[in-house]
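Subject: Model handover and packing notes

Hello,

Here is the structure you were expecting. My notes on its sheets and helix contacts follow below.

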Amino acid sequence: MRTRQPAARKRGIRLVNHSTDSSTEGITCPAVSPRLTEWVPALLSKLRPYTEQTIREYATTDPWRTSSQLLAKILPAWHRTDNPWTDDVAEAVAYTRAITTLALTYGDEPTTTLSPYHQQRHADLTDTVTSIGTGRGPVNADLGALAKGPVALHRELDDQPRALTLLLDGDAWTSLTDRRTGVRALAAIAVLADGFDVRLVASPRVQRHLSKRYPDWTECHLDLTVSRDRSPHTDHAQTVEAAWAAIRDLDTEPGKRRLLRNLTHEYARSYRDLATDHAVDVAEGTISRYVLDLEARELVTIDRRGQYNTVQLTDLGDLAVQQCLDDTDELVHPNQRRLDESLTATPQESTSTVSPRRAGRETPTPDEWVATTGDPDADADYVQWLNTAENAPSNLHERFSTVSHDDAITLVDDQLHSFDDGRVAYLSHTSHETLVVLQWGGPLATLGRLASTLLSKKALSKILTPSRLGHEFEAIDDDTQSYPVERILRRGHQVGWYSDAETTYGSWRERITTVRDCLLAQVAELTNSDDTAARANLFEDLHGLIASATQLYHAAGIDLTTTLRVPDTDAIARNPTHLQDLCEFLAKTAPKQSVYGIHSGYRMLFEDRPAKLCRRLPAETAHDATMDLTMSWVVAGPTITELHDNITAALASELTTVRETIADGTEAAPTLKIPVVDGTTYPAIRRVIDEVAMTHDAQWTPRERQRLVRRCLCSFGPADTSRACPYDVVVSLLRALNESHTPTLAAVERAAATLSPERFRPGLTPTATKLYATLLCADGPLGRSELIEQAGISASSYDRRLSDVRDLDRVTPVQQGGHRRWTTTNLTPPPKTPPVTAWLPATGDLTALTLVTHRQSTTPTGPNSPPPDRTERDDRGGWDRQPPISIPAEPGCDAEYTIRPMTTTNTSRQPNSHAHQIPDARDHPDHTMTLTPHPTTAVATPQTELPNGGDQQ
């Protein structure tokens with residue numbers, strides 16, 4: 001048997017008329033009406049001889065073997081017994097068997113020469129071949145069978161797409177009363193276009209009719225429009241009305257409305273995922289029927305080409321969800337929604353437009369919005385989506401995810417608000433990343449909230465779905481391991497509550513939710529209990545449940561980050577017991593979220609129970625191998641970086657408790673490093689800027705990025721420090737990027753000025769901040785009365801705080817019409833800075849701690865050994881007064897960009913100005929550290945810390 005390459009993807013629908021170059025060659029089907037049964041069988045009948053000839057060119061062996069080989073190509077999973085066939089798969093298999101038998105058994109032999117038995121068999125096979133996908137086939141399947149049968153077969157076997165010419169019956173189309181019949185016919189044409197070169201012949205009258213009645217389809221496939229002289233406002237109004245017309249009679253169909261709400265325009269969802277989604281709450285057998293009805297309304301589109309059908313919203317469906325459904329999935333007329341929006345309008349014309357704050361019309365900040373959790377005892381959920389609510393600030397997911405360092409604990413000073421209800425947690429996800437945001441409530445309650453969020457109904461319905469994991473978790477197997485998937489999960493990743501009875505997705509989900517609910521009930525009972533034994537058992541079970549969940553997320557290819565908000569940092573720091581609770585929580589939880597390949601890192605390093613150790617897969621450890629974390633951490637609070645040393649010490653103590661055979665070098669194991677990173681320092685802010693630039697393709701030069709870091713440190717941190725809140729940096733950059741692909745430094749600061757006075761320029765008084773923000777956002781110079789009015793302050797406040805503002809480096813006076821006015825100037829780099837010796841710290845006794853667990857006792861390191869990871873710690877020096885020497889890359893930072901000493905002078909009028917400018921320097925770091933043998937499993941490595949956040953040996 002010879003093999004042939006799949007045909008090139010030059011398929012589609014083209015309109016044929018006197019003005020086009022396309023011909024009407026190939027198979028021609030006249031009088032194509034909106035009713036499938038009137039023309040699809042005739043088309044398939046004409047196609048049959050060509051299909052048979054193609055099969056005979058493909059192979060001349062036994063029909064059953066040939067059809068099986070063809071099915072393996074066009075339906076790879078057709079022979080699997082664990083996945084029951086859908087109707088379209090069953091009918092596609094029947095079609096392939098039938099057409100192969102006709103081609104290789106009967107060929108071109110006249111039926112009159114056949115015996116009565118074979119004549120009847122030939123007729124039955126022919127009927128199977130010509131009725132597929134029409135609803136009248138062997139199992140009455142729909143268009144999915146057409147896509148998986150003849151279309152997929154010709155895609156696989158045709159070297160060049162075969163031409164099909166369809167002549168539309170004008171009278172039948174223009175007189176059609178049931179629009180859904182036409183939608184189904186056009187969908188059939190689109191399905192054929194996936195395997196053939198479809199040439200459509202339609203009169204101008206029919207073209208206009210199609211454009212008006214089926215605008216989405218014609219725009220997608222024929223590029224036709226109804227009119228080219230209508231205003232955008234009219235187009236939008238008619239489109240909204242079309243959305244309302246398509247959805248208005250679903251007032252008695254709550255299941256279909258829920259289904260629409262849980263579909264998106266950006267990506268498709270499979271039927272089986274929708275059937276297990278608790279928010280949809282529709283039986284599996286009903287999903288397909290609902291989807292077909294929504295497709296007939298042009299609200300969704302179905303992809304029938306894969307093993308499992310997938311569905312997503314069309315543009316019309318997306319508009320219907322946004323404009324015609326409220327947050328409870330009830331119908332609301334677009335006019336009523338516009339009225340509601342006009343009564344709660346935003347303070348600016350466009351939510352993406354940067355404009356100064358206006359007194360009395362402020363909208364909640366992102367942090368204030370997150371803190372407004374609602375009441376779970378009323379109608380709020382304990383686990384809520386982070387940014388799916390209609391009034392949620394944009395880019396919340398990116399705000400939280402960008403500040404996180406991979407495989408580390410990141411500390412962020414942030415003036416955050418306490419949750420209205422601390423029992424609430426937030427969940428957010430993309431295709432490859434999941435975020436959890438929750439508030440510290442003590443070790444036991446926090447563990448319970450984390451477990452309930454990772455394994456919540458929302459997470460199981462939208463993230464850990466059957467499509468992501470597989471019916472028997474086969475989707476997490478990358479075919480690189482020699483073990484079956486159940487052994488990888490059970491003996492490798494050490495996923496608990498996964499016995500032989502829970503190897504299918506449905507049974508595992510039922511078991512894990514039962515365990516989750518049972519443990520949460522114990523959390524409520526034991527949070528304030530003095531029963532230490534029961535609490536210890538519950539801690540162990542919760543740690544096991546969270547470790548199992550994070551290992552499963554990791555195995556499924558999902559990056560996981562948890563943000564732990566600690567709003568009362570000062571109170572915790574003053575209370576030794578509460579401080580110990582927080583530090584031990586991180587020290588005991590983070591190491592359990594470790595992994596080495598398919599192996600649980602905690603089981604490899606710390607487990608000492610013989611019964612557990614014997615239930616492990618053998619692991620080969622490479623030289624200098626290190627472990628990863630299945631979940632990264634961000635801890636945010638007003639002064640959380642001051643707890644850096646406490647958290648580091650607790651981790652160091654925990655990491656020294658490795659198994660004795662590893663500590664003495666008898667057993668080899670990878671190294672576990674858990675850096676504790678200060679997320680507010682110069683290198684951390686530089687990493688945030690680099691991350692945003694990479695994500696949004698902002699073309700800042702290295703010099704511009706250095707200046708951005710300086711400006712951010714000046715704008716978002718106290719005046720006497722060289723620190724900034726990275727959350728404010730992300731929000732400002734994203735707002736500036738809404739206005740320009742590569743915003744200037746002035747544009748970024750103008751965007752920063754839209755933040756609250758407590759976050760922008762916190763070193764100034766709120767009145768001075770308002771004055772400065774107003775000047776930054778103004779179109780031109782402003783006088784006294786204009787500043788007072790636009791800033792929303794009193795005249796006396798203006799007089800008191802003007803001196804603070806005019807001393808800022810960008811504020812300058814101008815004369816207009818004999819009056820003094822104020823404006824801001826562009827930032828220009830000064831020529832020089834002090835000599836290198838002036839930057840050195842006065843003392844060199846500061847140390848930073850690198851936490852390391854070693855696989856053996858002592859191993860000499862050579863000159864080619866990589867430098868160790870370093871952790872940042874508090875920096876009380878002023879960046880303004882002591883510019884950086886060299887900043888080695890922190891974990892997660894880009895080592896290509898380092899800061900070098902230069903000779904420039906600060907010409908700012910401010911003694912603590914951040915306006916130093918550093919030219920582009922992209923050399924390798926000149927400060928390196930040579931690894932030395934370590935006799936213990938956790939080592940405190942002395943490093944002299946420079947005021948810039950780097951280390952010096």
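This is a predicted model: local features need pLDDT of at least 70, side-chain atom pairs count only at pLDDT 80 or more; totals for chains, interfaces and linings use all residues.

Two strands count as paired if DSSP finds at least two bridges between them. Helices (H or I, at least four residues) and strands (E, at least two) are DSSP runs, numbered from the N terminus.

Residues are numbered from 1 along each chain as its sequence is written, and side-chain values use heavy atoms, with hydrogens and water left out.

Back to the sheet. β1 and strand β4 (residues 197-201) run parallel and are joined by five bridges. Isoleucine 13 lies opposite valine 198 of β4. Contact means heavy atoms within 4.5 Å. Axes are lines fitted to C-alpha atoms, for helices over the stretch in contact, and angles run from 0 to 180 degrees between N-to-C directions.

α1 also meets helix α3 (residues 87-106): their axes come within 9 Å and cross at roughly 75°. The two are therefore roughly perpendicular to each other. For these labels, angles under 35 degrees count as roughly parallel, over 145 as roughly antiparallel, 65 to 115 as roughly perpendicular and the rest as oblique. On the α1 side the contact has Arg48, Thr51, Glu52, Ile55 and Arg56, and on the α3 side Tyr95, Ile99, Thr100, Leu102, Ala103 and Leu104. By class, these are six nonpolar, two polar and three charged residues. Ala, Val, Leu, Ile, Met, Phe, Trp, Tyr, Cys and Pro count as nonpolar, Asp, Glu, Lys and Arg as charged, and the others, Gly among them, as polar.

Next, helix α5 (residues 143-157) and helix α7 (residues 179-192) have axes that come within 10 Å and cross at roughly 20°. That makes α5 roughly parallel to α7. The contact is formed by Leu143, Leu146, Ala147 and Val151 of α5 with Arg184, Ala187, Ala188, Val191 and Leu192 of α7. Its residues are eight nonpolar, no polar and one charged.

The last item is strand β11 (residues 433-439), where seven of seven residues are buried, buried meaning under 20% relative accessible area, exposed over 50% and partly exposed in between (1.4 Å probe, protein chains only). Glu433, Leu435, Val437 and Gln439 are buried on one side, and Thr434, Val436 and Leu438 on the other. Strand β10 (residues 425-429) runs antiparallel to β11, with four bridges between them, and the two form a hairpin with three residues between them. Serine 428 is opposite leucine 435 in β11. β11 also runs parallel to strand β12 (residues 559-565), joined by seven bridges; here valine 436 has threonine 562 as its bridge partner.

Regards
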